[in-house]
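Have the model open as you read.

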Amino acid sequence: MTEEIFERLNRIEVRSGMERQIKSYVLRNNTLDEHQKEIVKKYGGKYLLFFDEGGRIDVRGIYGDEKPLVIEIGFGMGEGTVSIAKERAGYDYLAIDVYLAGVVKLLNNVGSQGLDNVRIMRFNAPDVLEHMVDDGSVAGFHIFFPDPWPKKRHHKRRLIQRPLVELLARKLEKGGYVYLATDWKEYAEWMLDVLSSVDSLENPYCGFADPVPWRPRTKFEQKGLDKDYEISELWFVKR
């Protein structure tokens, strides 16, 4: 069983459906050291979910309750994920990322603290949404500090593109939200334009959103603030 978990951790995308020819990520490390393997052995069976093209995410079966589901795309090292899961315990969270070190770090924190409302998946998020998430079933999406790919020739690699946002909107329940944050001003304007172009989403703030008190300031965010970067937040709601 453990070897199967290790093997499935290394499969992170499919080549159909919402598969994108241009990826928004570049993998730099795809191996586990012995300490990381022990974390996976200890907690992986309970907290890791794996991609199943023919399956569906059964919230009640996985989490053992009927709480609203929030999906986080790209959680970094997961410190914000853990904080929000504790602060907003009335929600279940599915945290999706492709970076192995962050997946194991979050797995260790969630497992050692026994946070039953968090599950983790290492996979390409658009594939997960397209194949495993029912339309109208998600209460919210969190996308915090996605890679801005600042050079113009790399803008095509940005995660926030209209096809993905249309997919997010389709998966949201009525009144569900998409919550984004970035410290790259030009990308903030880009995201605002893309989300505003999707008719099924509404911006209650007209422009950028007010800060939300339950989103913690992470170490990554603080590094940007130390460089005088401006934090921009967006909050859109499904009509």
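Start at Leu-48, whose bridge partner in β4 is Ile-120. That bridge belongs to the pairing of strand β1 (residues 48–49) with β4, which is parallel and runs over two bridges; strands pair here if DSSP finds at least two bridges between them. Strands (E, at least two residues) and helices (H or I, at least four) are DSSP runs, numbered from the N terminus. This is a predicted model, where local features need pLDDT of at least 70 and side-chain atom pairs count only at pLDDT 80 or more, while totals for chains, interfaces and linings use all residues. Residues are numbered from 1 along each chain as its sequence is written, and side-chain values use heavy atoms, with hydrogens and water left out.

β4 also pairs with strand β3 (residues 92–97), again in the parallel sense, over five bridges. Here Leu-94 has Arg-119 as its bridge partner in β4.

How buried is strand β4 (residues 118–122)? Five of its five residues are buried, so β4 is largely enclosed by the rest of the structure; buried means under 20% relative accessible area (1.4 Å probe, protein chains only). Val-118, Ile-120 and Arg-122 point one way, Arg-119 and Met-121 the other.

Now the helices. The axes of α4 (residues 79–87) and α5 (residues 100–113) come within 10 Å and cross at roughly 30°, with axes being lines fitted to C-alpha atoms over the stretch in contact and angles running from 0 to 180 degrees between N-to-C directions. That makes α4 roughly parallel to α5, a label for angles under 35 degrees.

Terms used. Parallel < 35°, antiparallel > 145°, perpendicular 65-115°, else oblique. Buried < 20%, exposed > 50% of the residue type's maximum accessible area, 1.4 Å probe, protein only.
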